[in-house]
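I opened this notebook to record two look-ups.

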Amino acid sequence: MSLCAEAAYFTALCRPHPGEHWLDVGTSAGFYAGVLARAGAQVTACDISPAMLREAARREPHPNIYYALLNAERSGLPGESFSGVTIGATTGETASPQAMLAEAARLLIPGGQLWIMAQARDGSGAQALLTRFGGLSFADEAQLTAWLPGLRRTDFWRRGNIVFGRWIKS
């Protein structure tokens, strides 16, 4: 899927609005932060890498984006303070995906939405090696949903081994 198609899919399902405050976890190069800011949302884009935050700020220099160096497993941000949280591919790169998802759920306001794009487990030898020696993890649909008690999955789509999902906080 092209980035343009991914942005359109995300925007159609999540419908970010001006005035909403979103958290972009593991912003990397700022893709979701930019999509959200162009829709008028206020965005806190976080990453644990200062180099990635600099790259994101260079690629997405929008006034609606605040870049923050923080660990999304333990953000220290006030609970129930975001209309939405986006997580693009970061679930596989964090030390504890379950802790990161619990933190994302804690940060959502009631009725807030969580958007996840992740590389799903496919049982391949390559993923087994990346898990064992690279510290990466690969979740499946059932695991993601189990890690999000109190959130209701509304949309889920798999294309190859990439999954897209949206959950709403009760």
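For the pocket search I used a 1 Å grid over the protein atoms alone, a pocket being an open set of points where a 1.4 Å probe fits, with protein on both sides within 12 Å along at least five of seven lines. A volume is the space filled by probe spheres set on the points, which are joined across faces, edges and corners.

I noted that this is a predicted model, in which local features need pLDDT of at least 70, side-chain atom pairs count only at pLDDT 80 or more, and totals for linings use all residues. Numbering runs from 1 along each chain, and side-chain values use heavy atoms, without hydrogens and water.

Pocket entry. I found about 520 Å³ of space in the largest pocket. Its lining (residues with an atom within 4 Å of a point) comprises 26 residues, with G26, S28, G88, T90 and E93 nearest the centre. Helix 1 (3-14), strand 1 (21-25) and helix 2 (31-38) each give at least two lining residues; these are DSSP runs (helices H or I, at least four residues; strands E, at least two).

Helix entry. I read an angle of about 55° between helix 1 and helix 2, and 11 Å between their axes, the axes being lines fitted to C-alpha atoms over the stretch in contact and angles running from 0 to 180 degrees between N-to-C directions. In contact (heavy atoms within 4.5 Å) are L3, E6, A7, F10 and T11 of helix 1 with F31, Y32, V35 and L36 of helix 2.
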